[in-house]
Amino acid sequence: MWNTLRRLTPALPAFFVCDAWDRSIRACCERARRAAMMSGRFCLDGSMDLSCTPFQRDGSVCLRLNAADGAIAEISLHGAHVLSWQPAPGRERLYLSPRASFAEGAAIRGGIPVIFPQFGGRGSMVKHGFARLLAWRYVGIESDTGTPAAVLELVDSEDTRRLWPAHFRARLYVALTPAALTVRLAIRNQGEAPFSFTAALHTYLRVDDLDATTVQGLEAAGFEDSRDGQTSAAEGEPVRFQSEVDRLYPDCADALLLAQGDEVMRISAEGFRDTVVWNPGAELAARMADLGAGEHRHFVCVESGTVAVPVTLAPGEEWSGAQRLQS
Ligand SMILES: O=P(O)(O)OC[C@H]1O[C@H](O)[C@H](O)[C@@H](O)[C@@H]1O
């Protein structure tokens, strides 16, 4: 519907477009509200009560997840994008750029962008694939893995098949457990031909002091420097951020730490094989319209991905990859 509106926009008076746009957002919010109500609250043995409430942010329909212990996560349906995670009220652990755009077709800068079906420029598609640019559907709260999770879904459409012929179903599961956020991306082949893809959770972790921040757990791993494509031997020391860092560590995705002085966040992964570490540095950040001078000092991206070797799915097959942040 939003695409149709956008196509019609030049032919319609501005007040009508705004009104129709507003009504479509309200209808979308109402559908999300009903789905959230129908999914109810979950309380399973050993896991937490989870409730889900829709709200709007910059014209985008979003969901707020509240766990019984006070943890909060916010997700935009635009890109199934986790915007915020607070393990306790007021303790934000993700970075969201003050200049992030929520406009249709834009990629939100910060949070956890879902990268699918192509990581970066490793193929002929738009950079980092189309999943982060499209509206996903809220399915409800499910507890298939024993932990209640908010589930969002994107399936192929005429628009996606023009870019990539695959018949797929992508689902994102967002779960809050004490002091942890787990995000799982599941891809199913719903067609009759195999397809291959790369994917990642491009997580922007908030930092207070970039100079004192290190990523640990990659000391013994060689990496590809994405700035020039050169491979480098293991450095034998934690990753630091004195200038732009853009590295792919193949076959190395689990048991990482983001350390800022005494404060440590654990980053673990399942299903994802690789890690990407990115910070744009001062010069690039200043040139990026949705970041700006000095903003690189507030985050480090530690991305769990399957990037170096694409995943291939036969008809009916499903793959999933998860990233868990523990504060
Ligand atoms: O600006 P974006 O399209 O969101 O990409 C941001 C960054 O994502 C990844 O981490 C890549 O390795 C970088 O090369 C890229 O610059």
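The residues of the shell around the ligand comprise four nonpolar, four polar and three charged members. In this predicted model, the ligand is surrounded by Ala107, Gly120, Lys127, His128, His202, Ser226, Asp246, Val276, Trp278, Cys301 and Glu303. Two or more of these shell residues are contributed by each of the elements β18 (274-279) and β19 (299-313).

The protein chain contains four helices and 20 strands. Of its 327 residues, 39% are buried. Among contacts in the protein chain with a separation of 6 or more, 59% are between residues 24 or more positions apart.

The largest nonpolar core holds 75 residues, and within this core Ile75, Ala150, Val174 and Leu205 touch the most other members. Strand β8 (residues 168-177) supplies the largest share of the core, with seven residues. When residues up to four places away in sequence are left out, valine 174 touches Leu65, Ala73, Ile75, Val82, Ala149, Ala150 and Val183.

Eight strands form an open sheet in the order β6-β7-β8-β9-β20-β17-β16-β12, with antiparallel pairing. Its edges are β6 (137-142) and β12 (213-216), each of which pairs on one side only. From one strand to the next, the twist averages 15 degrees.

At the β6 edge, the antiparallel pairing of β6 with strand β7 (residues 149-155) extends over five bridges. Here tyrosine 138 stands opposite leucine 152 of β7. At the β12 edge, four bridges join β12 to strand β16 (residues 256-260), and the two strands run antiparallel. Valine 215 is placed opposite leucine 258 in β16.

Most residues other than glycine have a negative phi, and most peptide bonds are trans. The peptide bond from phenylalanine 116 to proline 117, by contrast, is cis, with omega near 0 degrees. Proline 117 is placed in the loop between β5 (114-115) and β6.

A positive phi is found at aspartate 58, which is not a glycine and has a value of about 45 degrees. This residue lies in the loop between β1 (50-57) and β2 (60-67). Aspartate 58 is classed as exposed because 12 other C-beta atoms lie within 10 Å, the cut-off for exposure being 12 or fewer.

Alanine 80 is likewise a residue other than glycine with a positive phi, in this case near 50 degrees. The position of alanine 80 is in the loop between β3 (72-76) and β4 (81-86). Alanine 80 has 31 C-beta neighbours inside 10 Å and therefore counts as buried, given a threshold of 20 or more.

Methods:
Residues are numbered from 1 along each chain as its sequence is written. This is a predicted model: local features need pLDDT of at least 70, side-chain atom pairs count only at pLDDT 80 or more; totals for chains, interfaces and linings use all residues. A nonpolar core is a set of buried Ala, Val, Leu, Ile, Met, Phe, Trp, Tyr and Cys residues joined through C-beta atoms within 7 Å. Two residues are in contact if their C-beta atoms, placed from the backbone, lie within 7 Å. Two strands pair if DSSP finds at least two bridges between them. Axes are lines fitted to C-alpha atoms, for helices over the stretch in contact, and angles run from 0 to 180 degrees between N-to-C directions. A residue is near a molecule or strand if its C-beta atom, placed from the backbone, lies within 6 Å of it. Ala, Val, Leu, Ile, Met, Phe, Trp, Tyr, Cys and Pro count as nonpolar, Asp, Glu, Lys and Arg as charged, and the others, Gly among them, as polar.
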